[in-house]
Amino acid sequence: MEQNGEGKPKVPIIFDGMVCPRLPPLVKDAKERFEEIRDLPCKKDDVLLVIYPKSGTHWVWEIVCMLLKKKAEYMKESKEFFFLEAIPDMSVVHNLVSPRPLNTHVPYRWLPKQHIENGGKIVHVLRNPKDVAVSMYHHFNSTQEFVEPLDFKTFYEKVFMGPVQVFGGWFSFEKEFEEAEAKDTRSAILTLHYESLKKNPIQETKKLAKFLNIDVNDELIAEIVDKCSFKKLKEATDTVKDFIKIPAVSEEMKHGGKAKEMMSMLYRKGEIGDWKNHFTVALNEQFDAVFNLEMKDSKIQVQYE
Ligand code: A3P
């Protein structure tokens, strides 16, 4: 169902009130994949990154992997290899070496039940929604999610704040997560803020290591922070990753060398506050009004700069 450039995805996959990205397993049967995720057999030492899209998933995934290995070495595989919505066949997950750094964008209600029952670790990253909107806008335009490139305002109104939003939308995703975290009596969930990680990477990486019960010295923490800086991680994506192992992309993309291009553009700017270059004063005021209404009962503190 090809659409015009009015902000509609080329092939909108809608499931349970969410627009899902056009990853092959979701294109094939989104319900089946969501159910497979919810029913996934889990191990007690699995680590699950549950992060709204464009909030720093690749960055934090790489840090988690280095902490789990206790080595400041990049993974040869990309995070997509452990991405529950994108893995072509879920049986692959069973053969991954433990502890498994799994990651997903599905909202809390669709997380693997067994992982929650086990009290398995969940790492959540929260980024301010204005920068998330900007990051998603550039991502969708460069992956040609729309037939014609959209301007930011159209994307914002029709997609980011549209009637059916990506993974249910930032507000719904984060409020659902906040509710779950409030009930988390086993301290199984850690929420990091993208902005805090950017401003105080050593302190936040230590917090993450402590949460994962990983005993690492200050030297290694500093090395991990350095290797996972925006610039170095972007470079490593070009030089270290084995793109043949990326399951999310099509055959055509692999052979055309587009996988590398696509992965590289995931590291776009890596800054706090790019929203100021995209939101007009009017759009910003409109967003703040929606935010105040949506988040009136929430304790979430968002950092816009
Ligand atoms: P921008 O588009 O604002 O640059 P995800 O991995 O969830 O798709 O998130 C992508 C966003 O995280 C992109 O934001 C990307 O540049 C940013 N990012 C990736 N690595 C980063 C790093 N090491 N430091 C800061 N931001 C990073």
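Helix α2 has 13 residues, and the distance from its first C-alpha to its last is 18 Å, close to the 18 Å expected at 1.5 Å a residue. This description concerns a predicted model. Helix α2 is mostly covered, with 11 of its 13 residues buried. The buried residues of α2 are T57, H58, W59, V60, W61, E62, I63, V64, C65, M66 and L67. After α2 comes K70, a residue with a positive phi near 55°.

## The ligand and its surroundings

Helix α2 also takes part in the shell around the ligand, to which it gives the largest share, 3 residues. In total, 18 residues surround the ligand, and the closest are T57, H58, S135, Y194 and K269. Two of these closest residues, T57 and H58, are also listed among the buried residues of α2. By type, the shell divides into 7 nonpolar, 7 polar and 4 charged residues.

| Residue | Part of the residue | Ligand atom | Distance |
|---|---|---|---|
| K54 | N or O atom in the side chain | oxygen | 2.9 Å |
| W59 | N or O atom in the side chain | nitrogen | 3.4 Å |
| G270 | polar backbone atom | oxygen | 2.7 Å |

The protein covers 97% of the 570 Å² of accessible area that the ligand has on its own. The elements that give two or more residues to the shell are α2 (57-69) and α11 (230-239).

The loop between α10 (218-227) and α11 contains S229. With a relative accessible area of 26%, S229 is partly exposed. Along the sequence, S229 and I63 are 166 residues apart, yet in space their C-alpha atoms are 9.9 Å apart. I63 itself is one of the buried residues of α2.

## Helix α14

Helix α14 covers residues 281-294; its 14 residues should span 20 Å at 1.5 Å a residue, and the end C-alpha atoms are 20 Å apart, which agrees. The buried residues of α14 are L283, N284, F287 and F291. Seen down the helix axis, these buried residues fall within an arc of 95°, so they line one face of α14. An α-helix has 3.6 residues a turn, so residues three or four places apart point the same way.

The face of α14 turned away from the buried side carries the exposed residues V281, A282, E285, N292 and L293. Of this group, N292 has a relative accessibility of 53% and therefore counts as exposed, the cut-off being over 50%. N292 and I37 are 255 residues apart along the chain, and their C-alpha atoms are separated by 33 Å.

Helix α6 (residues 152-160) includes Y156. This tyrosine has a relative accessible area of 1% and is therefore buried, since buried means under 20%. Between the C-alpha atoms of Y156 and K43 there is a separation of 39 Å, the two residues being 113 apart along the chain.

## Backbone features in the loops

D16 is not a glycine, although its phi is positive, at about 50°. The loop that holds D16 runs between β1 (13-15) and β2 (18-20). D16 is partly exposed, with a relative accessible area of 37%.

A positive phi is also found in N213, a residue other than glycine, where the value is near 60°. N213 belongs to the loop between α9 (201-211) and α10. The relative accessibility of N213 is 62%, so this residue counts as exposed.

The peptide bond from S98 to P99 is of another kind: it is cis, and its omega is near -5°. P99 is placed in the loop between α3 (91-94) and β4 (101-104).

Methods:
Residues are numbered from 1 along each chain as its sequence is written. This is a predicted model: local features need pLDDT of at least 70, side-chain atom pairs count only at pLDDT 80 or more; totals for chains, interfaces and linings use all residues. Side-chain values use heavy atoms; hydrogens and water are left out. A residue is near a molecule or strand if one of its heavy atoms lies within 4 Å of it. A polar contact is a pair of N or O atoms within 3.5 Å; within protein, one must be able to donate a hydrogen and the other to accept it, and residues adjacent in sequence count only if both atoms are side-chain atoms. Accessible areas come from the Shrake-Rupley method with a 1.4 Å probe; for residues, only the protein chains shown count as cover. Helices (H or I, at least four residues) and strands (E, at least two) are DSSP runs, numbered from the N terminus. Ala, Val, Leu, Ile, Met, Phe, Trp, Tyr, Cys and Pro count as nonpolar, Asp, Glu, Lys and Arg as charged, and the others, Gly among them, as polar. The expected span of a helix is 1.5 Å times one less than its number of residues. Buried means under 20% relative accessible area, exposed over 50%, partly exposed in between (1.4 Å probe, protein chains only). The arc is that of the directions from the helix axis to the C-beta atoms.
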